[in-house]
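Let's go through some labels together and see what stands behind each of them.

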Amino acid sequence: METHLQLSSNLSTRSLAAGELSRAGHTVVAVFLGFILVLGFFCNLLVLVVFSRFPELRTPTSVLLINISISDMLVCIFGTTLSFAASVRGRWLTGSYGCQWYGFSNALFGLVSLVSLSLLSFDRYSVVLCRAQSDSHSQYRRAKIAVAASWLYSLVWTLPPLLGWSSYGPEGPGTTCSVQWNQRTAVARSYISCLFIFCLLLPLVLMFFCYWRILLAVRSVVRQATGFSRSLAEWREGRVLAMVVAMVTGYLLCWMPYGVVAMLASFGRPGVMPLAASLIPSLLAKASTVLNPVIYVLLNNQFSRCFLHMIRCSSEAPPSPVHLTMPSSSWLRPHNPILPITSAPLTEEQNTEPCMFTSREQQEQQ
């Protein structure tokens, strides 16, 4: 309790005013945040609506994707709205307690999304290389455990600033709040170092390892293929490579600048990072709420088919669900990040994927 009162006192004595940013600068930031708020909210809402509309899409892997969309939506609701309003007015609006809530909630929901991305890569690695085979109930149970672990792990690292290990406070020109990167005490630096290692580098290393091994496995399949199968395998390899590059690049673009700025602010020369410039990493981190659903879900072929079916054929009965199987041999189809990777060349019956055109539509097209 004493720590909380001391933290509130420190926050109340600090200026949450505009700092170095001009009125035009606040306007630019507000416009950018407005786009992130609208696109991030509706993209993730679209993901959740389509998953609820088509139960056949809800595989064990999609549980993690739904978790990412929920955490990104929470960032938009509890974080981006407050920073957008603050940028419109040019100052923080909700006081020291609101600043602490903003810093904690954004750190929690953002870290849940980040950890879930790394767990998603490990899930794909387990399916492709470890040949994880079990009944559907066990798969869903592991997916739910992974979701619970992402929230618990994130709470472990975002609660300490509320309990005295570092603190949450105004960031940059005072229109956002976060961990107090500028504190140069041994306690604050130890927290920032642990946050950088265990919440940024460790998930990144896991993603690199898992996706690199997946690429090697796909390359091995390409080398063994011949004729038309080789051409198809090479095309799929290109799809896998493009998806992996998009995933890792999106991760680095959204989160690495934030981690670098935090380390510079804590360990670098005082004043090395201008207050206004520190807003850029914060904006990039919030942009992840838009990039995540686009990269991981909306660009997926099967998901897009379901979305098109929902908006164009809503008056018709939905397509029949398809029962998906886990891999049982060396054939890989890793270009689809939502579905489990299939085991062998699909038969005509198995190739009927969810959200394909109905028979009447096919006849009209013919």
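Q: What makes strand 1 and strand 2 a hairpin, and which residue in the turn has a positive phi?
A: Strand 1 and strand 2 form a hairpin with 4 residues between them, and Gly-172 in the turn has a positive phi of about 60 degrees. Strands here are DSSP runs of E with at least two residues, helices are runs of H or I with at least four, and both are numbered from the N terminus. This is a predicted model, where local features need pLDDT of at least 70, side-chain atom pairs count only at pLDDT 80 or more, and totals for chains, interfaces and linings use all residues. Residues are numbered from 1 along each chain as its sequence is written, and side-chain values use heavy atoms, with hydrogens and water left out.

Q: How do you know that strand 1 and strand 2 pair?
A: Pairing takes at least two bridges found by DSSP; strand 1 (residues 168–171) and strand 2 (residues 176–179) have 4 bridges, in the antiparallel sense. Tyr-168, for instance, has Val-179 as its bridge partner.

Q: Why is the contact between Cys-99 and Cys-177 called a disulfide?
A: The cut-off is a pair of cysteine sulfur atoms within 2.5 Å, and the sulfur atoms of Cys-99 and Cys-177 are 2.0 Å apart. Cys-99 lies in helix 4 (residues 95–128) and Cys-177 in strand 2, so the pair ties together parts 78 residues apart in sequence.

Q: What makes this disulfide of Cys-99 and Cys-177 left-handed?
A: The torsion about the S-S bond is about -115 degrees, so the disulfide is left-handed.
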